Every structure is written in C-alpha cells, then in structure tokens.
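Hi,

Here is the structure I promised to pass on. Have a look at it first, and my notes on what turned up follow below.

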Amino acid sequence: MTIKDLVKISTTSLIRNGVRSWLTVLGVIIGVASVIAMQAIGNGSDESIKKEVRSMGVNVIMIFPGTFRMGGVAQSAGSMSVLEVEDAEKIKETVKTVVAVSPIVQSGQQIVYQTNNWRSNVTGIWADYFTIKAYKVSSGRLLTEREANGMSKNCLIGKTVYKKLFPAGSNPIGETIRVGTVPMKIVGVLEAKGSGTFGQDQDDIILAPLKTVQKRLLATTFIQQIQVSAKSEAKMTQAMADIRAYMLSKPNIISSDGEERFSIRSQSELSSMLGSISKVMILLLSSIAAISLLVGGIGIMNIMLVSVTERTREIGLRMALGATDRDVKIQFLAESIMLSVWGGILGIIFGYLISLLAGSILNWPVTVSSSSILLAFTFSAVVGIFFGYYPAKKASELDPIEALRYE
Amino acid sequence: MKPVIQAENLGRVFDNGTVRVEALKDVNFTIGTGELVAITGSSGSGKSTLLGILGCLDRPTSGNYILDGVAVAGMQNRELAALRNRKIGFVFQSFQLLQRTSALDNVELPMLYNPSIPEGSRKKLAMEALDRMGLSDRALHKPSELSGGQQQRVAIARALVSNPKLILADEPTGNLDSESTASVMEILSGLNKSGTTVVIVTHEPDVAARCRRVISLRDGHIITDQVQESKIFADAIRVT
C-alpha cells in the first residue's frame, strides 16, 4: 500500500462520515486554536508589561535613604539626612557607569489656575531627570539645564493637570499657575504616559527645578531619592555596585544596629518580577488550552473506536484479501493522524484570528510566534498518533474469520 | 497433476479453557491443479473450519497443509497474508463488497496489498477482470446499485484479478436466486475450464452436483470423496 493509497482510503472514509469527522476535527481545532491564542495573548501581555516598564525610564537605578521595606514605613529618624544633593553631584562626577543623575524631592501641593484648583504632586528635579525617565513634551519645551539645575520658576505639567486646570483646547504655555504659595510659569506639557503598572496616573504630575521646590516650597535641604540612569542594561549591575561603594564611603552610613541606612533598587528588578508574573500567567493559560487539546484527542480515540467496530467486516475482508495486521494498523492510524493534522491546520488559522481579535480588543501587541505554531502543530500530530494507536492496534488484532462474520 | 492443496491429517481443536471442540479430525485429501471440487456437509460438519484453513485464514492445530507446494504450518501472520494475496481468490456468500465504493475500486482492493503490481496498472487489470465478468459498463456503480448476481460477479472479478492458483468460494450462491445461481456457477466452471483450481464450499446438493468431485464432511471428518464422471456432461447441458 503506497502513501497515496493511504491518503485516498482515509480521505474517502473520513468524507463518508462527514459530520462525525468534522465534529472530531472541531475538538482538535478548539484545542490548537486555544493554545495558539493563549500563547499569543500571554506573549502580548508580557510585551505590554515590558513596554510599560520601559516607559518608566531607561536603565533606572533608585537610591533611597533608610532601609527599603515594601508595605511598611521603615525610615528611621534622621534618615532623610542620609541623602543630600551633594551625593547626586558626587555620583555624577565619580561613577563612570552612569550617564544621568537627578536628586528628587516630591510634595503634594494644591495647584491653582484662575478659578480652577487641583491637588497634584510636585516633583523637584534636575534636567537629567528627563533623560532618566524618557520624558518628552507634547507642546512647549522641556526645562533647560540652566533652569532645572538653578532656581527658575518655570515648570512642566502633565496631561492630567492640564485637563483639570485648563479649558480644553486652550494653550497653557506661558500661563502662570500657583503651586502651593509659589507662582510658576508653564513652559511645556509632558507627553502622556498613561497609567502606570500599579494603576497610578503618571500624567498627574508637575516637574519643577529641584532647588525651587526645596527652597521656595518646602524650605528644606533634604532630598527623598536619587535616580540614576546606567550607561546600558549590561552595565546595570556594575553601576549598582559602584553606587553602593560610593554610598558606603560616606560617614555614619551604617546605623548602630548594623543596618545600612540606604537602599538601591533597579528598574530591572521590577521588570523581571512583572515578567515572571506574566510567565506564570502564560503557563497557566497554555496548560488549560493544552487540556482542551487533550480532550480533542480523546474525541479522536472515541470516534476511531466506533469506526473500527463499524468497519469490522471491512477489516476482515481486507485481511482475507491480503492486508497484513500492519497494513490495517497503518490505515486506521492514517485516519486519526489526518483528523488531528486537519484540526491542527485549521486550529492554527482560527487561533491566529482569535489572537488578532483579542489583540485589537485588549489593545495589546499580540504576537503569534512561529514556535507556538510549531508546538501546537506537533502536539496535535502527536495527539493523533497517541490516541489513534489504540484503536488501530485493536483493528489490526481482529481475527479475519470472525471479522468477516461480524454483523 | 501437480497438487494445489495437500491436506495431511488436518485437525483443528477449539479450546477456550472450559469447552473443547474438535472441529476437524484426520482430514486427508489432495486437490490437483485444474480440479473443480465441492466440499459439502450440513452445518456443524466442519466445512467452514476447513475453508478457513484452506484459505490460510486459520491454522490447523495438527497435521500439515501444503498450498501450492508451500507448507503453511508455522508461518507468521504476515506470510499468511501474502500467501492469501498471491495464491487465493475468495468468493463469499454475502459478497463482502465495500458498500460505498465503486465496483472498480472493489476489484482493485487485493492489488493494494501486492507491491509487485505497479500502481499504474491496477485500474487496467481491474477493468479487464470486470470485463471478463461482463460488467465493464458497471465499473463505476456502487454495490447497492447492482443486483445480487452482478455483485457476486464483481466479487469473482476481485477474486481472479491477481491470477490466483486457487479460487475458494464459500456458499457463493447462498444469497442468489436460481437464475443468478446458474450464471455464477457457469462462471466458476468456466474459470475452472481455463485452468484455475476452484473449491466451492456449499451445503446445496444442487451446486455440489455441478462439480466433478465432491468431498463430504460430517462431524469433522471426510465421509465420502467421490469423482462423479457422469455429471460432467449433465452439467454442461444444464448450464447451456
């Protein structure tokens, strides 16, 4: 029996039981399509998280005073004084693995423009901060280095602040707003960044020169944080070590109970944490999809067992005419493989369409990877062989005399 | 005359652990090339069991069966399948045609399992066999579109398509009316005249009467093995 004969025999027999074959194939289609779609959606979410993390800044390293504890305030008395503007200057001068450094001080303030007012966060920064956070303006301009590093009363506002204070369509550039008690002139509106990973509004923000915020608004010399941009992603670890070495060279940096009075965190830690969450999600979704593919395989086995029983006489006849047990086995195996391979091909197409649809609804960059297509296809072929083998073996073990007499 | 079938002390015992049935005991006979033999007997006489062994679908539990010079005992299933394919043409009582397949495809079926016949010549050979049965105009009909007699002729075409040494017919006329019976018997004796050995298993005396030699079985052994010289001419007259 040639391959051509096999294909012909299985195709005719599958077409004869059209509805039944389609329903069986449908089981595999659903399985394969969901594997493809789940992978694509999962990869898409991974991609969108990565994109979001990137929008938060480029190779960012954060230096905090006091020990950093998630969920609890762990700043010991006087910890604010650990970090000073001078540290930012020194890091910029001495640490070669960093390209941009900015001290940060933040404060919630009431913002007033004419009769409108809104409570927002004012962040005092240096010009390097725009590089670190990849800030761009949608209108106007960024603060110049001279403005940002000096005591200028110019500021930048986020999209949300603009919306809350100004009538739609009006031009805020050059207008003066009152931040707390200090009047400031708007020189630019920041490009929207959307909501952050934790749902916070990244556009509800006012950026102003560090010194202006420190001196005029808060009357302090402390800073809350220093943010640094490493030269490259590969240099992150080195940069963190360099900064740590610098920090440890400061006096009184170790508290009486032996704890370091600062902490250094990086953006990549956050991104790898989020990445692992999305990997778990992909795995979970894919295994659910794989289970449905398994169910599709059981459908194949079921229908093949029915088919073997129905065609007992045919099997007996073929054996009498000279078919070996191997011929019979291969014939039935070919049918089940054909079912699963068609299911695989159609499933890939449907899965792709579902992914596109889901992508456009969720607004995710959905990517159907060739590896997931290959995986789904291989898996479906394996399912066909695995679940087709038992019925095929059963058929090949029939006794020709009894099979011929079967009613 | 070179023997096609040599049965030496054939025995077949069915034993399912609790019941032991001796279906065949000490069966001895030889059928030479070109013979037309009927094997008769009532139901339970062992003729179906004997047919199974002669057709290489079953193996004797004792004794020897030599088909066209090949000892069947001790052969693997695969070798038996090849032997059936090359040396035996089966004709069954219930025709055993694949229902939703054309007559032509049905006739082609045995050649699917014979690698020595090239794929390209199968259709032609099948068509020739159908033509010999006078069915070339029915080649693309499905069995359900054919009469019983025509279906059995398709089955005979399938049996002779690979030029077997032996045609084994199991109650070939059992499902046919008298007219079709006559035509099928005519065809079988015609094949026999052209040199093929034909063995017909039947319980109908009428059919047996048309064969030159009749082997009768009862309770698993041969009771008579007769050559009926006088019947030959009677046959010829009745058939024409």
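In chain B, strand β1 (residues 3–15) pairs with strand β4 (residues 62–67) in the antiparallel sense over 5 bridges; strands count as paired if DSSP finds at least two bridges between them. B:Gly11 stands opposite B:Ser62 of β4(B). Strand β1 of chain B is also joined to strand β2 (residues 20–32) of chain B, again antiparallel, through 9 bridges. There, B:Gln6 has B:Thr30 as its bridge partner. The hairpin of β1(B) and β2(B) has 4 residues between the strands, and B:Gly17 takes a positive phi near 100° in it. Strands and helices here are DSSP runs (E, at least two residues, for strands; H or I, at least four, for helices), numbered from the N terminus.

Before going further, please note that this is a predicted model: local features need pLDDT of at least 70, side-chain atom pairs count only at pLDDT 80 or more, and totals for chains, interfaces and linings use all residues. Residues are numbered from 1 along each chain as its sequence is written, chains are lettered from A and ligands numbered from 1 in the order in which they are written, and side-chain values use heavy atoms, leaving out hydrogens and water.

Now the inside. Buried means under 20% relative accessible area, with a 1.4 Å probe and protein chains only.

Helix α11 of chain A also packs against helix α9 (residues 267–310) of chain A, at an angle of about 145° and with the axes 11 Å apart. Axes are lines fitted to C-alpha atoms over the stretch in contact, and angles run from 0 to 180 degrees between N-to-C directions. Residues in contact (heavy atoms within 4.5 Å) include A:Ile300 and A:Met304 of α9(A), and A:Phe332 and A:Leu339 of α11(A).

Which helix is largely enclosed by the rest of the structure? That is helix α10 (residues 312–320) of chain A, because 8 of its 9 residues are buried. Among them are A:Glu314 and A:Arg318. Just after α10(A), A:Gly322 takes a positive phi of about 120°.

Best wishes

How values were computed:
Buried means under 20% relative accessible area, exposed over 50%, partly exposed in between (1.4 Å probe, protein chains only).
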